[in-house]
Amino acid sequence: MATEELIRRAPGEPEPREPWYAAGLAFECRRCGGCCGGFPGYVWIDRDEIAALASYLGLAPDAFLATYARRVGGRYTLREVAGWNCVMLRDGACSVYDARPVQCRTFPFWDEHLGSPRDWAAAARRCPGMNSGRLYSADEIDQLRRARARAR
Ligand code: SF4
């Protein structure tokens with residue numbers, strides 16, 4: 001055990017357990033659009049993300065919001081179009097991929113997919129990018145997981 005860890009942990013506090021994904025998890029988006037529609041949901045966007053998306057599309061933030069977003073409980077989410085598809089989905093792929101919000105950037109490293117190997121496997125049945133491609137370390141996964149949790 002690292003000395004630093006001994007100092008930080010209170011007496012009697014249990015030793016932290018390694019996550020089940022301690023060896024890392026592989027993921028590489030295939031840009032198939034499978035997670036971008038087909039079911040109702042929310043893609044939350046904050047002020048910085050609204051500015052980034054508006055700039056990417058060459059619009060003023062207000063014009064972007066009027067066309068592509070809707071307000072839910074004091075926050076903004078991207079609109080859905082027919083088939084519950086994200087308004088940014090074009091020809092089966094994300095049309096703003098380089099400016100996509102944190103919620104999309106952190107997929108599939110979300111709490112609901114990382115609770116157990118079974119949760120991960122269930123999500124992987126709907127996403128062809130999971131379990132292939134780049135290997136993310138446990139630290140990277142935890143950073144993405146936290147970023148997504150903050151964006152909720
Ligand atoms: S379902 Fe997976 S592979 Fe397809 S766009 Fe979404 S993250 Fe990428």
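Biologist: What order do the 3 strands of the open sheet take?
Modeller: The order is S2-S4-S3, with antiparallel pairing. Strands pair if DSSP finds at least two bridges between them. This is a predicted model, so local features need pLDDT of at least 70, side-chain atom pairs count only at pLDDT 80 or more, and totals for chains, interfaces and linings use all residues. Residues are numbered from 1 along each chain as its sequence is written.

Biologist: Which are the edge strands?
Modeller: S2 (44-45) and S3 (69-72). Each pairs on one side only.

Biologist: How many bridges join S3 to S4?
Modeller: 4 bridges, and S4 covers residues 75-78. Arginine 71 stands opposite tyrosine 76 of S4.

Biologist: Switching topic. How many helices and strands does the chain have?
Modeller: 7 helices and 9 strands. These are DSSP runs numbered from the N terminus: helices are H or I, at least four residues, and strands are E, at least two.

Biologist: At what angle do H2 and H3 pack?
Modeller: About 90°, with axes 9 Å apart. H2 spans residues 47-57 and H3 spans 61-68. The two are therefore roughly perpendicular (65 to 115 degrees). Axes are lines fitted to C-alpha atoms over the stretch in contact, and angles run from 0 to 180 degrees between N-to-C directions.

Biologist: Which residues meet there?
Modeller: Ile50, Ala51, Leu53, Ala54 and Leu57 in H2 meet Pro61, Phe64 and Leu65 in H3 (contact means C-beta atoms, placed from the backbone, within 7 Å). That contact has 8 nonpolar residues, no polar and no charged. Nonpolar covers Ala, Val, Leu, Ile, Met, Phe, Trp, Tyr, Cys and Pro; charged covers Asp, Glu, Lys and Arg; the others, Gly among them, are polar.

Methods:
Angles under 35 degrees count as roughly parallel, over 145 as roughly antiparallel, 65 to 115 as roughly perpendicular and the rest as oblique. Two residues are in contact if their C-beta atoms, placed from the backbone, lie within 7 Å.
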